[in-house]
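I opened my notebook to look up a few things in one structure. Here is what I looked at, entry by entry.

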Amino acid sequence: MTAASAQPNRVLQGRTAAPGFAAGRIVRLEREPGSGAAAARAVGTPDEEAAALKAALAAASADLAGLIGGLDDAEAAAMLEFQLAMLEDDALTEPVFAALAEGLGAEAAFAAQLDAEIAGYRASDDDYFRARGSDLEDLKARVLAHLAGAAGAAGALADDAILVGRDLAPSRFLEIDWRPGQGIALAEGSLTSHVAILARARGIPMLVGVAGIDAPEGTEALLDAEAGTLHLAPDAADRAAFDIRRSAGRDRDRAAGAQAFEPAATACGTPVQVLLNIGGPGDLAGLDPALCDGIGLVRTEFLFHGRGGDDLPGEDEQFEAYRAILAWADGRPVTIRTLDAGGDKPIPGYTLDGEANPFLGLRGVRLSLAREAVFRIQLRALLRAAAHGPLKIMIPMVAVPAEMAAVQALVDREAAALAAAGTPPGRFELGMMVEVPAAALTLDLFAADFVSIGSNDLIQYLMAAGRDSAAVAALADPLAPAVLRVIETVARDAAARGLPVSLCGDAGGDPAAIPHLLAAGLRALSMGAAAVPRAKAAIRATHLTGIRP
Ligand code: PEP
Ligand code: MG
């Protein structure tokens, strides 16, 4: 009897990061960097070690460049570009080559250098730098795998692999040739991590926060990322029950997919607008605009990634990007959010370094108003783009009315300057995100043409539960009574003033949350494109009478 077949039949519980089903066998994501690598290769002469390291660095660079080339996701590309830049940085590799000249093996020298760098990043108070520590872990594992001649294995998972481990680096996810039927279960991870976003976008079922996944390689498993369970060593009855749930899920998905391009309305006939959230124009590649009623959120940070200091995007570059999105939308409204830097979206060289708590610091509109020259460039680009389609300019992280008044004054000034130059802006609306509780509770005091609830941040500030913290993820619940009451308050206050209101946080595309959001009074939800078919199905299944918010 093998270790795998000796496993007890048991069900582990996790949280669904990407929905779906997978039945197969456990593949362990053992990625202890360097484990076995040093032993696998005898240390050669200093010249041989230097040659081996050079070859491994070149191979790792080629891997990363290849991965970046195949991506249409600006955020994932920025993360990999950071790794590539580190690899090409002599300050990182020179001390390693110096150690090789002293007789050290390539694995040991490279690992020691990276460990020292990683420790520095990990010790930072800044979330951004701590995240870069994970990227360096990822890079270290890649170079060591090349040294050991073991790179590339990640590309060839068995068709029924359920990849299991502590956490999964986004670059590792990106290099796996994912196929339908595979799945992921992680002991750590969070719903808002980059790898979770990637898994949702590619339709790979994924659970995070699964305690006790110690089952060995080859253990038979059933991943039900609808119920949030990983069933280890199931028996015939478990498999039969799983098959029934999976085929019901497939039927639901097929039906949802068939109606994805139809407008959405509740079972009682109330129309609901379904809008898209995008992180950049790449998210629209190959998408038919008929899928949506417009774009509810463009996160313009994509233009600023890796562009701090003197390299910030200019007015023309921004204008072209905004115009391209309006052209795609083909007359549907497009909501473009001004730069929301800071917190979980740092831009080195632009956001403040060393803030004790960047989520409560100079971020969003606060930073834009503090860096007025940069903000005015973005406003001008937006006002020029407004001539090319129905544009809604949205301001993030607004807490007090004075911020919207200051933005309005800048907008008026830039619009007047454009008009004086003979290029008056087209028609546009100026609205605000409601993601700070102070704004949610005093909507009547603000001047805005529309509002959109940013539930990701609203929940974290209401529940005092960081959006990237796996340990408190259970508290960050969109269905918590406090959250739903505040959403209901915003929807009611907006309706009382005749202000259009939508919601553009992750909850907007979550079929479990949708009935409650509709019951709270919302009639416009914005979400990633991959979420649209199921979200529309959830809207169609909702009877508004009978749901209590
Ligand atoms: C939000 O906070 O809900 C939101 C949509 O903005 P972001 O996730 O970009 O902070
Ligand atoms: Mg936000």
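I began with a term. A residue counts as buried when its relative accessible area is under 20%. I also noted that this is a predicted model.

**Entry 1: helix H8**

I asked which residues of helix H8 are buried. In H8, residues 194-202, I found His-194, Val-195, Ala-196, Leu-198 and Ala-199. I then recalled a rule: an α-helix has 3.6 residues a turn, so residues three or four places apart point the same way. Next I checked what follows the helix.

**Entry 2: the magnesium ion**

Which residues coordinate the magnesium ion, ligand 2? I found Glu-435, through OE, and Asp-457, through OD. The distances are 2.0 to 2.1 Å. I looked up where the two residues sit. Glu-435 lies in the loop between strand E14 (428-434) and helix H14 (437-440). Asp-457 belongs to helix H15, residues 455-463.

**Entry 3: H15 against H16**

I stayed with H15 and looked at its packing. I kept in mind that two packed helices are described by the angle between their axes and the distance between the axes. H15 packs with helix H16, residues 481-496, at an angle of about 125°. Their axes are 10 Å apart. That angle makes H15 oblique to H16. The crossing of the two is right-handed.

Which residues make the contact? From H15 I listed Leu-458, Ile-459, Leu-462 and Met-463. From H16 I listed Ala-482, Val-483, Val-486 and Ile-487. By class, the contact of H15 with H16 has eight nonpolar residues, no polar ones and no charged ones.

**Entry 4: H10 against H12**

I turned to helix H10 (residues 315-329) and helix H12 (residues 372-385). Their axes come within 8 Å and cross at roughly 40°. H10 and H12 are therefore oblique to each other. Their crossing is right-handed.

I wrote down the residues that meet. H10 brings Glu-315, Asp-316, Gln-318, Phe-319, Tyr-322, Arg-323 and Leu-326. H12 brings Ile-377, Gln-378, Arg-380, Ala-381, Leu-382, Arg-384 and Ala-385. I sorted the contact of H10 with H12 by class: seven nonpolar, two polar and five charged residues.

Note on methods
Residues numbered from 1 in each chain as written. Chains lettered and ligands numbered in written order. Predicted model: local features only at pLDDT ≥ 70, side-chain atom pairs only at ≥ 80, totals over all residues. Heavy atoms only, no water. Donors = N, O, S within 2.8 Å, 3.2 Å for Na, K, Ca; no water. Helix = DSSP H or I, 4+ residues; strand = E, 2+ residues; numbered from the N terminus. Axes fitted to C-alpha atoms, helices over the stretch in contact; angles between N-to-C directions. Parallel < 35°, antiparallel > 145°, perpendicular 65-115°, else oblique. Left-handed = near helix turned anticlockwise from the far one by under 90°. Contact = heavy atoms within 4.5 Å. Nonpolar A, V, L, I, M, F, W, Y, C, P; charged D, E, K, R; others polar. Buried < 20%, exposed > 50% of the residue type's maximum accessible area, 1.4 Å probe, protein only.
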